[in-house]
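Subject: Structure handover

Hello,

Here is the structure to take over from me. Please open it first, then read the notes below it.

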Amino acid sequence: MAAVPFSAVVADQAELRRLYRNPPEVLLKKKVERIDAATAAFIATAPFCLLATADADGRCDVSPRGGPPGFVRVLDGRRLALPDLSGNNILDSLTNVLANPHVGLLFVVPGRDETLRLEGNACLTTDPDVLGLWDDELRTPKVAIGIELTTAYIHCAKSFRRGKVWDPASWAALDALAPDACAILVDNLGLDLDPALIRADLEKGYEADLTGERAGAT
């Protein structure tokens with residue numbers, strides 16, 4: 001194990017398990033190896049997911065992915081496809097998939113506290129039949145991430161409820177405290193710029209990109 005700047009580090013699974021009670025047997029059985037009708041219906045209503053990837057050395061990355069509800073397409077009981085829509089063009093997730101096919105997905109439906117977790121093996125595809133799956137809503141993507149499922153299961157609601165994620169009453173105070181993303185960018189890069197000016201340009205870029213990726217855009 002690489003050196004870490006913490007003390008009392010848990011060294012192995014046996015030590016870890018002594019800290020926690022054993023999970024109920026039913027929870028151990030909730031992981032399945034197929035996309036059944038209920039799982040497919042959840043994916044069909046989700047407008048947002050998180051995609052976890054790692055490079056060949058195990059360095060991890062998590063990327064938010066969003067689109068119209070059901071933008072991730074279920075192909076059959078083991079396969080699904082995720083379009084690569086406009087982003088920052090750094091391509092972290094895509095280059096990770098090329099180096100290491102193991103991925104994780106967390107699907108979120110607004111207002112729902114439970115989430116859907118999937119794990120599988122991914123590839124990048126330019127198959128016209130796959131890329132054409134989004135022609136009715138979005139401009140055809142350059143690449144889709146094809147995923148063959150290994151595990152699917154529902155994740156409990158505790159994290160979302162602790163965080164009051166869908167409670168509008170909790171949002172105003174957080175919005176007043178959280179710095180704008182452009183202020184973070186200015187600090188990170190040591191820029192001598194007004195974050196408000198960056199925000200204005202950023203919003204123009206968002207609008208142009210999102211308009212351009214709609215079906216029928218030229």
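A salt bridge here is a side-chain nitrogen of Lys or Arg within 4 Å of a carboxyl oxygen of Asp or Glu. Two points on the source. The model is predicted, so to speak of local features pLDDT must be at least 70, side-chain atom pairs count only at pLDDT 80 or more, and totals for chains, interfaces and linings use all residues. Residues are numbered from 1 along each chain as its sequence is written, and side-chain values use heavy atoms, with hydrogens and water left out.

Salt bridges

The whole structure holds 9 salt bridges. In general, side chains of opposite charge can pair when their charged atoms come close.

Take R161 and D113. Their side chains form a salt bridge at 2.8 Å, N to O. R161 sits in helix α6 (residues 158-162) and D113 in the loop between β5 (102-108) and β6, so the pair ties together parts that are 48 residues apart in sequence. Helices (H or I, at least four residues) and strands (E, at least two) are DSSP runs, numbered from the N terminus. R161 is exposed at 55% relative accessibility. D113 is buried at 17%. The cut-offs: buried is under 20% relative accessible area, exposed is over 50%, and partly exposed is in between (1.4 Å probe, protein chains only).

D180 and R199 make another salt bridge, at 3.0 Å, N to O. D180 lies in the loop between α7 (171-177) and α8, and R199 in helix α9 (residues 195-212), so parts 19 residues apart in sequence are tied together. D180 is partly exposed at 36%. R199 is also partly exposed, at 23%.

R59 pairs with D57, with the closest N and O atoms 3.2 Å apart. Both R59 and D57 are exposed. D55, D57 and R59 are linked in a salt-bridge network.

Around helix α8

D180 has a second contact. At the start of helix α8 (residues 181-189), a side-chain oxygen of D180 comes within 2.7 Å of the backbone nitrogen of C182. Just after α8, G190 has a positive phi of about 65°.

The sheet

How many strands form the open sheet? There are 7, in the order β2-β1-β5-β6-β7-β4-β3, with antiparallel pairing. The edge strands are β2 (60-66) and β3 (73-74), each pairing on one side only. Two strands pair if DSSP finds at least two bridges between them. Strand β6 (residues 115-125) and strand β7 (residues 144-155) are joined by 11 bridges. C123 has G146 in β7 as its bridge partner.

R65 is in strand β2. R65 is buried, at 12% relative accessibility. Its side chain makes a polar contact of 2.7 Å with that of D84, and one of 3.4 Å with that of S93. A polar contact is a pair of N or O atoms within 3.5 Å; within protein, one must be able to donate a hydrogen and the other to accept it, and residues adjacent in sequence count only if both atoms are side-chain atoms.

Domains

The chain is divided into domain 1 (29-162) and domain 2 (179-212). Their C-alpha centres lie 27 Å apart. The bounds come from an automatic or database domain assignment.

Regards
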